[in-house]
Amino acid sequence: MATTRTPRGSWIAAGLQALTSGGVEAVRIELLAKALGVTRGGFYWHFADRQALLEEMLDAWEGDATTALIEKVEAAGGDARTRLRRLFTVAASGDGLLTDIFTDFAVRDWARREPAVAERLRRVDNRRMEYLRELFGGFCTDPDDVEVRCTLCFTVWIGNRLLDVDHGGRSPAEVMELIQRRLLQ
């Protein structure tokens with residue numbers, strides 16, 4: 001009879017959930033095993049140690065939050081404004097890790113204390129900005145305007161989850177729509 005093993009991806013997903021809910025300190029093999037309803041021994045079928053899991057968690061986050069997101073936006077084609085609208089829609093959807101701002105926040109917090117994670121975050125943020133520059137550059141000819149729009153877009157995506165403000169009778173979604181229209185002018 002074959003032994004059923006917990007899939008590698010389940011350990012990674014559980015690790016990312018632990019990171020998101022409790023920080024990198026919460027990513028403990030014994031706690032993940034308990035959350036998955038398995039023994040810790042199964043962990044070692046997939047990973048040499050906790051550090052290997054942490055690296056694969058970062059790989060999964062980077063791939064999903066950047067590469068997969070860009071591929072999803074690009075797959076349907078269209079001009080730069082159409083792709084930006086699609087990017088805004090996908091980013092607002094909360095569909096998996098690629099738009100899970102709370103996982104992003106957890107990685108950012110981890111990066112404050114770990115230089116290797118900070119370097120990874122810098123690479124991811126630079127890739128995101130390169131993509132935004134490509135899209136905004138599709139209809140903006142002034143490089144300063146492109147940089148301003150990219151920076152505003154990126155900081156709004158991150159920062160709007162941190163705000164707890166009234167918008168003069170408008171919902172946060174309505175304000176985001178106004179911001180998007182302004183950025184796409």
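Reader: How do the residues of the lining of the largest pocket divide into nonpolar, polar and charged?

Author: They divide into 17 nonpolar, four polar and two charged. Here Ala, Val, Leu, Ile, Met, Phe, Trp, Tyr, Cys and Pro count as nonpolar, Asp, Glu, Lys and Arg as charged, and the others, Gly among them, as polar. This is a predicted model, in which local features need pLDDT of at least 70 and side-chain atom pairs pLDDT 80 or more, while totals for chains, interfaces and linings use all residues. Residues are numbered from 1 along each chain as its sequence is written, and side-chain values use heavy atoms, with hydrogens and water left out.

Reader: What is a pocket, and how is its volume defined?

Author: Rolling a probe the size of a water molecule over the atoms shows where empty space is left. On a 1 Å grid over the protein atoms alone, a cavity is a set of points where a 1.4 Å probe fits but cannot get out, whereas a pocket is an open set with protein on both sides within 12 Å along at least five of seven lines; lining residues have an atom within 4 Å of a point. Grid points are joined across faces, edges and corners, and the volume is the space filled by probe spheres set on the points. In this model the largest pocket holds about 420 Å³. Its lining has 23 residues, of which Leu87, Phe88, Ala91, Cys153 and Trp157 are the closest to the centre. Two or more lining residues come from each of α4 (50–75), α5 (80–93), α7 (115–136), α8 (143–159) and α9 (172–183).

Reader: Which element gives the largest share of the lining of the second largest pocket?

Author: The largest share, four residues, is from α9; α8 and α9 each supply at least two. The volume of this second largest pocket is about 220 Å³. Its lining includes Thr155, Asn160, Asp164, His167 and Met176. By class there are seven nonpolar, four polar and one charged residues.

Reader: How many helices and strands are there in the protein?

Author: Helices (H or I, at least four residues) and strands (E, at least two) are DSSP runs, numbered from the N terminus. The protein has nine helices and zero strands. Its C-alpha trace spans about 60 × 35 × 35 Å along the principal axes.

Reader: How many aromatic pairs does the rule count?

Author: Rings of Phe, Tyr and Trp (its six-membered ring) pair if their centres lie within 6.5 Å; planes under 30 degrees apart are stacked, over 60 edge-to-face and the rest tilted. The count is five. One of these pairs, tryptophan 11 with phenylalanine 43, is edge-to-face, at 5.4 Å centre to centre and 80° between the planes. Tryptophan 11 belongs to helix α1 (residues 8–22) and phenylalanine 43 to helix α3 (residues 43–46), so the pair ties together parts 32 residues apart in sequence. Trp11, Phe43, Tyr44 and Phe47 are linked by ring pairs into a cluster.

Reader: Where does the charged end of arginine 8 sit?

Author: A charge sits over a ring if NZ of Lys or CZ of Arg is within 6 Å of the ring centre and within 35 degrees of the ring normal. The charged end of arginine 8 sits over the ring of phenylalanine 47, 4.8 Å from its centre. For arginine 81 the ring is that of phenylalanine 139, with a distance of 3.9 Å.

Reader: Is threonine 6 buried or exposed?

Author: Buried means under 20% relative accessible area, exposed over 50%, and partly exposed in between (1.4 Å probe, protein chains only). Threonine 6 has 17%, so it is buried.
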